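Me: I would like to learn how to read the features of a model such as this one, step by step. Could we go through it together, with the general idea before each case?

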Amino acid sequence: MTTTATNVLQNYINGKWVDAKTEQFQSVPNPATGEELAQVPISTREDLDEAVKVAKATFKTWSKTPVPKRARILFKYQQLLVDNWDELAKLLTQENGKSFKEAQGEVQRGIECVEFAAGAPSLMMGKQLPDIATNLESGMYRYPVGVVGGITPFNFPMMVPCWMFPLAIAMGNTFVLKPSERTPLLANRLAELFKEAGLPDGVLNIVHGAHDVVNGLLEHKDVPAISFVGSQPVAEYVYKTGAANGKRVQALAGAKNHSIVMADADLDAAVKEIIAASYGSAGERCMACSVVVAVDDVVEPLLQKLNEKADEIKIGNGLDEDVFLGPVIRKEHKERTENYIRKGQEEGATLVRDGRNDEAYNEEGYFIGPTIFDHVNSSMQIWKDEIFAPVLSIVRVKNLEEAIELTNESDFGNGACLFTQSGSNVRYFRENIEVGMLGVNIGVPAPMAFFPFSGWKNSFYGDLHANGSDGVEFYTRRKMLTARW
Ligand code: NAD
């Protein structure tokens, strides 16, 4: 399949598995056990240049392949992903650590992107106006952009690449994907299945690696568009470097998502949502709830219920039954999280629940239990930074106005949720919050594939977001025709 006998991953170029021209490899451990799953090559510019060369040559034919014919391959691909759902989910849990159930959910999110992309014939339609003046007509036609570079993070090895390559390819582009070097396995399987669905060689290419491959994409004269998802500093760097090299760039970045809980909320329902949003995927989600803003006297019953539910969470290997909280991605990330817990204590926050006391903390994998800080405020680093781990901060405020002011102070603007039964609270929240993806009485307001993933502020660099109508715009360019006959 996608690896050699020694389990060294290969790049995928022109429909073939090829060795990277590198001496440098990184170990890919299963974060739940520490066992090595594979070695990933840290490919060179030479490897990347080869992939771009192939993608550029293939663009000539793929961009001219009739759109319904392209769409039919996407339909077939969708069916193959459905047929291999559990196998994909298992691989995902092994390399990322999230629970099998969540991995199955992530596969579903990826499949939905393919379903959206299969609508290419409708999505690519242009517009005409027959009479812009007497005997003068005008029309807009949509075309692919060329070779698109995709750079993806470790936390959604299926969903995030699927935000990019299915739609870009359905629109007639060719693609070079650089998956996260921390979760590189699933991408290879996705490519294999796409080939099985009938995708011609050279349309989708994968180059494994790190900075060199990213910089190669950002500087390559034959790559006009870059889709990036990852942490804020890298997103900013990718956006600026890509733009300086004349490319269109969409760079989705980090987050610090607040959930505001009002006194009139259904508390049991709110707690269920918040627990899932804070500790699901070990808090390693760009839409994770990392701050609860407790309004007025809701805080004591809320804290009690959060604590009770956090105690019930089963921690362990995501492939084991009933496990909800898996490991964080690497030992270094566990240490970084521990530093934040110490930092929170030094800053004066109250450590209500300490994930270092959970049994799994001392096991082989990179486990850390659900952690809760109370009495957090906006001057603290644990409030400002994206910790990206199962650490939840509680901030106490007097009213909704104060809750929204606090949320708006954050540098990030990805998601925010409100738990309430009041329509006027919802309206006030919607009108005043400076965040791009809002939830009411739900914990993870991630839009479906047919809507744009709409982060604001430092959670996004660019103007056209991933997915939905923005995705179609990003992966196409227009021609305007004005004609007199
Ligand atoms: P990351 O920034 O470390 O890595 C993302 C990609 O960039 C990887 O492919 C990596 O190889 C590459 N990269 C890393 N450092 C680089 C550098 N200095 N120069 C060039 N390339 C570099 O992100 P991660 O830790 O893999 O992913 C988690 C982050 O992604 C979190 O911040 C999370 O919020 C964010 N994220 C955001 C969204 C969103 O929609 N806004 C979705 C998923 C994840």
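**Reading the model feature by feature**

Reply: The place of N467 is in the loop between β21 (460–461) and α16 (468–474). Please keep in mind throughout that this is a predicted model.

Me: Is N467 buried or exposed, and how does K457 count?

Reply: The reading rests on a count of neighbours, and a residue is called buried if 20 or more other C-beta atoms lie within 10 Å of its own. N467 has 24 C-beta neighbours inside 10 Å and therefore counts as buried, whereas K457, with 18 C-beta neighbours inside 10 Å, counts as partly exposed.

Me: Which strands form the open sheet of three strands, and in what order do they stand?

Reply: The order is β5-β6-β22, and the pairing is antiparallel. At the edges stand β5 (127–133) and β22 (476–484), each of which pairs on one side only. Neighbouring strands of this sheet are turned against each other by 25° on average, if direction is ignored.

Me: How many bridges join β5 to β6, and how many pair β6 with β22?

Reply: Four bridges join β5 to β6, while strand β6 (residues 136–144) pairs with β22 over nine bridges, again in the antiparallel sense. For individual positions, L129 stands opposite S138 in β6; on the side of β22, G139 stands opposite L481, and Y141 has K479 as its bridge partner.

Me: Which residue in the hairpin of β5 and β6 takes a positive phi?

Reply: That residue is N135, whose phi is near 60°, in a hairpin with two residues between the strands.

Me: What is the order of the strands in the open sheet of seven strands, and why is one side of β14 and of β19 left without a neighbour in the sheet?

Reply: The order is β14-β15-β16-β13-β12-β18-β19, with mixed pairing. Because β14 (350–353) and β19 (437–440) stand at the edges, each with a single partner strand, one side of each is left without a neighbour in the sheet. From one strand to the next, the twist averages 25°. Within this sheet, β13 and strand β16 (residues 391–397) pair in the parallel sense over five bridges, and V295 stands opposite V397 in β16. Helix α12 (residues 331–347) lies across β14, β15 (371–374) and β16, and runs at about 25° to β16.

Me: Which residues come nearest to the ligand?

Reply: P153, G230, S231, G254 and C286 come nearest, out of 28 residues around the ligand. The residues of this shell divide into 15 nonpolar, 10 polar and three charged.

Me: Where does C286 lie, and which residues does C286 touch beyond four places in sequence?

Reply: C286 lies in the loop between α10 (267–279) and β13 (289–295), and, with residues up to four places away in sequence not counted, touches G254, A255 and N414. C286 is buried, because 26 other C-beta atoms lie within 10 Å. The unreviewed UniProt entry gives C286 the annotation "active site".

Me: Which residues does UniProt list for "binding site"?

Reply: The unreviewed entry lists F154, K178, E181, R182 and E386. They are spread over 233 residues of sequence and also in space, with up to 23.5 Å between C-alpha atoms. K178 is found in strand β8 (residues 174–178) and is buried, with 28 other C-beta atoms within 10 Å; its contacts beyond four places in sequence include G150, I151 and V207. R182 lies in the loop between β8 and α7 (185–196) and is likewise buried, with 20 other C-beta atoms within 10 Å. Leaving aside residues up to four places away in sequence, R182 touches F154, I329 and R330.

Definitions and conventions: Residues are numbered from 1 along each chain as its sequence is written. This is a predicted model: local features need pLDDT of at least 70, side-chain atom pairs count only at pLDDT 80 or more; totals for chains, interfaces and linings use all residues. A residue is near a molecule or strand if its C-beta atom, placed from the backbone, lies within 6 Å of it. Ala, Val, Leu, Ile, Met, Phe, Trp, Tyr, Cys and Pro count as nonpolar, Asp, Glu, Lys and Arg as charged, and the others, Gly among them, as polar. UniProt positions are given in the numbering used here, feature names are shortened, and annotations may be inferred rather than shown by experiment. A residue is buried if 20 or more other C-beta atoms lie within 10 Å of its own, exposed if 12 or fewer, and partly exposed in between; C-beta atoms are placed from the backbone. Two residues are in contact if their C-beta atoms, placed from the backbone, lie within 7 Å. Two strands pair if DSSP finds at least two bridges between them. Axes are lines fitted to C-alpha atoms, for helices over the stretch in contact, and angles run from 0 to 180 degrees between N-to-C directions.
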